[in-house]
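Hi,

Here's the model I promised to pass on.

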Amino acid sequence: MLNNRRQLVNKIAIYGADWNNLEANFAPAVDQFNILLTHSLRHAELLVVRNSCFDLAICGHEHGGQVRLPWAKGVIGAKGTLFPDLRGILTKGIKYVGQTMISVSSGAGWSLFPVRFGCPSEIVLYTIKPIK
C-alpha cells in the first residue's frame, strides 16, 4: 500500500494518500506523469489544489450513488447522503480541477446496506500513453 508515499515506475510517479490524513503533502515533479490514488473525491480535490502537479487523480468512496435513477443519478451516497449528485457531489465519472483529471469510480462495494440498483459494480482499467 502507498500510504502517503510515492512509487516511481519508469517516468510515472504514483502517489498514495491515506484518506484519514488530510494533511498529506507531496511534491510532484513537473517532468514526470504524476498519479494520485486516494479514497474520496473530497480528499483528491484537497490534494490536487495543494499539490498542483498531479496529472491524474483516481478515487471512489461514493459507490456511484449505490442506487441510481436516470433523472436523479445517485440516490444514496456514502454515509447515507441522499441525492449526492444533486447536491454537487460527483458519485462517478470525470471532473477537472485545473489541469488535473479526477476519475471517480463507482467501485465494486457498497456502504451502509448491501444493495446496488442501477449502478453496476465497476473496475476501471486505465491506459496511459505518452503524448506524441
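Val115 sits in the segment after β8 (100-104); strands here are DSSP runs of E with at least two residues, helices are runs of H or I with at least four, and both are numbered from the N terminus. Val115 counts as partly exposed because its relative accessibility is 35% (buried is under 20%, exposed over 50%, partly exposed in between; 1.4 Å probe, protein chains only). Together with Leu112 and Phe113, Val115 makes up a nonpolar surface patch of about 250 Å² accessible area.

Before the rest: this is a predicted model, with local features needing pLDDT of at least 70 and side-chain atom pairs pLDDT 80 or more, while totals for chains, interfaces and linings use all residues. Numbering runs from 1 along each chain as its sequence is written, and side-chain values use heavy atoms, without hydrogens or water.

Next, Arg68, which is in strand β5 (residues 68-69). Arg68 counts as buried because its relative accessibility is 14%. Leaving aside neighbours within four places in sequence, Arg68 is in contact (heavy atoms within 4.5 Å) with residues including Asp85, Thr91, Phe117 and Cys119.

As for the largest nonpolar core, it has 16 residues, and Phe26, Leu36, Val48 and Ile102 have the most contacts inside it. (A core is a set of buried Ala, Val, Leu, Ile, Met, Phe, Trp, Tyr and Cys residues joined through side-chain atoms within 4.5 Å.) Two or more residues each come from β2 (12-16), α1 (41-50), β4 (56-60) and β8, with α1 giving the largest share, 4 residues.

Cheers

Conventions: Patch = residues over 30% accessible without salt bridge, like charges linked within 9 Å, V, L, I, M, F, W, Y side chains within 5 Å. Areas by Shrake-Rupley, 256 points an atom, 1.4 Å probe, with all protein chains shown as cover. Salt bridge = Lys/Arg side-chain N within 4 Å of Asp/Glu carboxyl O.
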